[in-house]
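Hello,

Here is the structure I promised to pass on.

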Amino acid sequence: MIQAKHCDLCEHPKRSLKKGLTCGLTNKKPDFKISCSDIKFSNSFKEYLPELSNQIENVKKRKAFAYLTFILASLLGLIIIVGSYPILEKALKKDHPYSIWKHLEVVLFFYFVGSGIISMGLWSLYKHRKALKKLESEKRELNMVLSNYKLDIESLNSKKTPPQQRV
């Protein structure tokens, strides 16, 4: 399966339901141990590298927004939950059972609304962290394969940049 990762980056792989993955140059299954001596990185892979780096940067730029959303939603949810406490106290001081239930319904409503808002903040943070983790895992995996060729994503990205734009 490790060889398949190498072949995914190359422009020579052939896939079929009968044979599975084979090399387009040798028409045999990949049999190298560490790296393929005939690998030629595909154009789609070379185009994907800057896209992957851009996606990671875009997710990292949204980090502050995700954490701010989490903090504000948590504060608002807690304010709503704690703010309903006086209604609960008032309900517990009543003698009439019907009014107690009416007040408890209001308190439960505020608890659910506050909990829902806190959950929205947590969901925002979760989605951000999951997206970043997925992209960085993909980048690490690609770098592991590229390390067998003494390359990494950054070096391949910099080769695509025209010389006048390099810093």
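Below is what I found, arranged by topic.

First, some ground rules. This is a predicted model, in which local features need pLDDT of at least 70 and side-chain atom pairs count only at pLDDT 80 or more, while totals for chains, interfaces and linings use all residues. Residues are numbered from 1 along each chain as its sequence is written, and side-chain values use heavy atoms, with hydrogens and water left out.

Salt bridges

The structure holds four salt bridges, a salt bridge being a side-chain nitrogen of Lys or Arg within 4 Å of a carboxyl oxygen of Asp or Glu. One of them joins the side chains of K5 and E141, at 3.8 Å from N to O. Since K5 lies in helix α1 and E141 in helix α5 (residues 97-147), this pair ties together parts that are 136 residues apart in sequence. Helices here are DSSP runs of H or I with at least four residues, strands are runs of E with at least two, and both are numbered from the N terminus. K5 is partly exposed at 34% relative accessibility, and E141 is partly exposed at 36%. For these labels, buried means under 20% relative accessible area, exposed means over 50%, and partly exposed is in between (1.4 Å probe, protein chains only).

Another salt bridge pairs E11 with K40, with the closest N and O atoms 3.5 Å apart. E11 sits in the loop between α1 and β1 and K40 in the loop between β2 and α2, so the pair links distant parts of the chain, 29 residues apart. E136 also forms a salt bridge, with K60, and here the closest N and O atoms are 3.7 Å apart. That pair connects helix α5, where E136 is, to helix α2, where K60 is, across 76 residues.

The hairpin

Strand β1 (residues 13-16) and strand β2 (residues 20-23) run antiparallel and are joined by four bridges; two strands pair if DSSP finds at least two bridges between them. Three residues lie between the strands of this hairpin. S16 has G20 in β2 as its bridge partner.

Cysteines

How many disulfides does a search of the whole structure find? The result is zero, where a disulfide would be a pair of cysteine sulfur atoms within 2.5 Å. For C7, the closest cysteine sulfur is in C10, 6.7 Å away and too far for a bond. C23 is in no disulfide either, as the nearest cysteine sulfur, that of C36, is 5.9 Å away. C7 is buried at 9% relative accessibility, C23 is buried at 15%, and C36 is buried at 19%. C36 is in the loop between β2 and α2 (43-61).

A buried histidine

H6 belongs to helix α1 (residues 2-9) and is buried, with a relative accessible area of 2%. Leaving aside neighbours within four places in sequence, its contacts (heavy atoms within 4.5 Å) are F32, I34, S35, I39, V145, N148 and Y149.

A nonpolar surface patch

L68, I71, L72, L75 and I79 form a nonpolar patch on the surface, with about 490 Å² of accessible area together. Patches are made of residues with over 30% relative accessible area and no salt bridge, like charges being joined within 9 Å and nonpolar side chains (Val, Leu, Ile, Met, Phe, Trp, Tyr) within 5 Å. Accessible areas come from the Shrake-Rupley method with a 1.4 Å probe, and for residues only the protein chains shown count as cover. I71 is in helix α3 (residues 63-83) and is partly exposed at 44% relative accessibility.

Best wishes
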